[in-house]
Amino acid sequence: MLNRELLQPSLANGEIRVTKSYDIDRFFYLGFFGGVLPVMILGTRNAIWLRCSKKMIAMLLGTSLLLCGLKLAYVAWTGADSVALLSRIMGVALAVVYRYAQRKRYKLHSVIIGEDQPIFWWGLLAVVAGIVFDSWLVTMGKGIHDVFDQG
Amino acid sequence: MYLIRDDNNVAWQEAMHLYHMGRYEQAKEKFMPFLATSQEDGQLLFFVAYCSFKLDQLDEAETFAREALRVGYFGEEVYSLLGIICKAKGAYAEAEEFFLAGLAKNPQDGDLLAQYGYLMLVTGYEEKAKLLMAEAMRVDPESEVVLHYHYHFLRAYDEVEAQQETIRKYNEIAGSDVDKLLKMGLAALDRGNYREARECYRQAYLLDPGNEPLLYAIEEIDEIIHPVFFPNRLMQKTGGPVVWWICFIGAVFLFGKLDWEGAAGVLAMVYVPFCIYTWISPFIYRAVRKWGRYR
C-alpha cells in the first residue's frame with residue numbers, strides 16, 4: 001500500500017540540493033602541485049556539493065589537518081629548509097583519500113547530473129595558496145626548531 | 001496538405017508506426033499536417049510534444065503539451081511529459097507539481113511514481129526517491145518507463161549485476177529499437193567499452209537520423225577513442241595518474257638506492273614528457289580537428 005506521505009510535495013517550500021562536482025580525478029594534480037591545502041579546500045567543497053555525510057566531511061578535514069600537523073612537526077623536529085617532496089607525497093596521498101571517499105557520491109552525481117564543474121582557475125588559486133602555506137609552515141617549523149635547539 | 005486523423009488513414013498509420021518505433025524526427029514530420037486540421041486534438045498535440053521532447057526541442061515540447069492540457073486532454077501522460085520537460089529545464093518545483101497532479105489522478109501509475117522518484121533523487125531527497133522507485137517497481141515492474149528509471153537508479157548506486165538484469169528485462173519489453181540500442185550503448189559506456197557503445201549509438205542514429213543529441217554522443221565517443229588520447233587511455237586503464245606517479249617516485253627512490261642514476265634519469269625523461277603530453281592532449285586534439293588532418 002502506497003504511503004500517502006510520499007505524495008506530499010517536498011520542493012515547493014523545501015530545499016533543492018542538486019549535486020555539483022569537480023572531476024575527482026583532478027584532485028591528484030592539486031596534491032601534486034600544491035600539497036595538502038588545495039586538496040583540503042577544494043576536496044571539502046566538493047564533498048559538501050556531493051551531499052556527503054557530515055561524519056565523512058569531518059573525517060576528511062581531520063585527516064587533512066593531521067597531515068598539516070605532521071608536516072609542521074617534521075620541520076620543527078628536523079629543521080628542514082624545504083618540505084617540497086614531503087608536501088607532494090602527502091598531497092597525493094590526501095588526494096587518493098578524498099577521491100576514494102567521494103567515489104560513490106561522484107558516481108551518483110555522474111549518472112543523475114553528468115556534468116563536472118571546471119576546476120582550473122580555482123585549482124590554480126588553491127595551488128598558489130598551498131605553496132604560500134607550505135612556506136609559512138616551514139618558517140614556523142624552523143622557528144619552533146630553533147627555540148628548542150637553543151633551549 | 002491537410003489531413004484528417006483517422007485510424008484507417010495510411011499517413012496516420014505511418015506516423016504512429018514511426019512514433020512507436022522511436023523515429024521521432026520522421027514521426028513529427030508526419031504528425032504536423034494533421035495538426036493543421038486538428039488543432040484542438042489533445043492526443044495529437046501530446047504526440048507532437050513527445051516527439052519534440054525526444055528531439056531535445058524543450059520549449060516547443062512544453063508549448064504543445066500545455067496546449068494539450070488547455071484543450072482538455074488531461075491524460076496522466078501529459079502531466080508526466082510536462083514533469084520531465086520542467087525537470088530537464090531545471091524547474092524542479094514545477095516538475096513536482098505536474099508529477100503530483102498526475103499521481104492525484106492515479107496514485108498507482110508506475111511511470112509517474114518512477115519519474116517523481118527520479119526527480120527526488122536529483123533534488124536531494126534520496127530516501128523518498130528510493131521508496132517511490134520501490135513502489136513503482138511494485139505496481140508496474142513490466143513498464144518500459146519504470147525499468148528505464150530503475151536502470152538509472154541502479155547505475156547511480158553502482159549496482160552492476162542488477163543493472164544487467166534490468167537491461168535484459170527492458171530489452172524484452174521495449175518497443176523502440178532506438179531506445180534498446182541507447183540502453184545497450186550506455187551499459188557499454190559504463191563498462192568502458194567505447195567502441196561497442198559507439199556502434200550501438202551509430203546503429204541508433206541510422207534508425208533515427210534526426211536525433212541530434214545522439215550525434216553529439218557519437219562525437220564525444222569519437223573524441224575519447226581518438227588516437228591522440230591513446231596515452232591518456234593507457235594511463236587510465238593502468239590505474240590512472242596516481243598509480244603512475246607512485247610507481248615513478250618508487251622507481252626513482254629504488255634506482256637512487258642502487259646507485260643507478262642513469263636509469264633514474266632515463267625514467268624521468270620518459271615519464272615527465274609522457275605526463276605533460278596527457279595534460280596537453282585536449283589542446284592537441286582540438287588543433288588536429290581544426291586542421292582536419294585525421295578526419
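Helices (H or I, at least four residues) and strands (E, at least two) are DSSP runs, numbered from the N terminus. This is a predicted model, in which local features need pLDDT of at least 70 and side-chain atom pairs count only at pLDDT 80 or more, while totals for chains, interfaces and linings use all residues. Residues are numbered from 1 along each chain as its sequence is written, and chains are lettered from A and ligands numbered from 1 in the order in which they are written.

**Chain A**

Select chain A. The chain has 5 helices and 0 strands, in the order α-α-α-α-α along the sequence. Its radius of gyration (taken over C-alpha atoms) is 20 Å, well over the 15 Å that the globule rule (2.2 Å times the number of residues to the power 0.38) gives for 151 residues, so chain A is more spread out than a compact globule. Along the principal axes, the C-alpha atoms of chain A fill a box of roughly 75 × 30 × 25 Å. Of the 151 residues in chain A, 37% are buried (20 or more other C-beta atoms within 10 Å of the residue's own, C-beta atoms being placed from the backbone).

**Where chain A touches chain B**

Now show both chains. Two residues are in contact if their C-beta atoms, placed from the backbone, lie within 7 Å. Chain A gives 22 residues to the contact and chain B gives 25 residues. On the chain A side, α1 (27–34) and α4 (84–112) are the elements that give two or more residues; the largest share, 7 residues, comes from α4(A).

**α7(B) and α9(B)**

Select residues 110–122 and 144–156 of chain B. The axes of these helices, α7 and α9, come within 8 Å and cross at roughly 25 degrees (axes are lines fitted to C-alpha atoms, for helices over the stretch in contact, and angles run from 0 to 180 degrees between N-to-C directions). That makes α7(B) roughly parallel to α9(B), the term for angles under 35 degrees. Residues to display include Ala114(B), Tyr118(B) and Leu121(B) in α7(B), and Val145(B), Tyr149(B) and Phe153(B) in α9(B).

**α14(B) and α16(B)**

Move to residues 230–237 and 261–291 of chain B. Here α14(B) and α16(B) pack at an angle of about 110 degrees, with their axes 9 Å apart. That makes α14(B) roughly perpendicular to α16(B), the term for 65 to 115 degrees. Pro231(B), Asn232(B) and Met235(B) in α14(B) meet Phe274(B), Tyr277(B), Thr278(B) and Ser281(B) in α16(B).

Conventions. Parallel < 35°, antiparallel > 145°, perpendicular 65-115°, else oblique. Buried ≥ 20, exposed ≤ 12 C-beta atoms within 10 Å, placed from the backbone.
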